[in-house]
Amino acid sequence: MPYATSSTGQLTTLDACYITFPSGSGRFISSQGFGQKIVLNILPEISDSKSAEYALENIAGRSTPLVTYSHSSSRTISMTIHFVTCTKRDLLVNLYNLRSLESLVYPADGNQVTPYIPPPICQLKCGSLLGDDELCVVLKSYSVKFPTDVVWDAETYLPYKFDVDTTWEVVYESTDLPGQNRIVSVGN
């Protein structure tokens, strides 16, 4: 059984809890199509929500309206990602991961042909909590607050513990929309 820390007290990474996204150049460089990966050391707080929308159809002579399914809303995943620094390397990785997360709400730098490229589509995985496969997501918002009641690095001013609240929206190809059977069997 894996533990949150090693026998020496160091945090162990959650290899199956991560966010992948295109490399800084906007290019997908790995065989799976993604270039960068943020592997989480601490299980994030996750909220997963989706709703079905129904329309009320008024019919003459009926005592109550007829309720018909209209559509489903987007699946939204909120995560509070915890960053903790134990070593100098952790400090640099946490700073890079923070900047990487922040960059995911900005459009990519364009070129002469295309003035801008929309923010990237990422992949999100956290064990089997959100589904058996990675979810394709876009980052809709992030919020980070740097606490002053913890130790912080004198060079970067980065606190040794901070949280980033994120909101992701799941995106699907129009030919691969999930149905009830797929959600029951694989979760996404």
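How many helices and strands make up the secondary structure of the protein chain?

**View 1. The whole chain, element by element.** The secondary structure of the protein chain comes to two helices and 11 strands; helices (H or I, at least four residues) and strands (E, at least two) are DSSP runs, numbered from the N terminus. Starting at the N terminus, the elements run β-β-β-β-β-β-α-β-β-β-β-β-α. This is a predicted model, in which local features need pLDDT of at least 70 and side-chain atom pairs count only at pLDDT 80 or more, while totals for chains, interfaces and linings use all residues. Residues are numbered from 1 along each chain as its sequence is written, and side-chain values use heavy atoms, with hydrogens and water left out. Of the 188 residues in the protein chain, 27% are buried (buried means under 20% relative accessible area, exposed over 50%, partly exposed in between; 1.4 Å probe, protein chains only).

View 2. Side chains of opposite charge can pair when their charged atoms come close. A search of the whole structure finds four salt bridges, each a side-chain nitrogen of Lys or Arg within 4 Å of a carboxyl oxygen of Asp or Glu. One of them joins D48 and R75, at 2.6 Å from N to O. D48 sits in strand β3 and R75 in the loop between β5 (66-72) and β6 (76-84), so this pair ties together parts that are 27 residues apart in sequence. D48 is partly exposed, at 37% relative accessibility, whereas R75 is buried, at 9%.

**View 3. K88 meets D153.** In this salt bridge the closest N and O atoms are 3.8 Å apart. K88 belongs to helix α1 (residues 88-103) and D153 to the loop between β10 (135-145) and β11 (161-170), so the pair ties together parts that are 65 residues apart in sequence. K88 is partly exposed, with a relative accessible area of 48%; D153 is buried, with 8%.

**View 4. Two strands linked by E169 and K140.** The side chains of E169 and K140 form a salt bridge of 3.0 Å, N to O. The pair links distant parts of the chain, with E169 in strand β11 and K140 in strand β10, 29 residues apart. K140 is exposed, with a relative accessible area of 52%.
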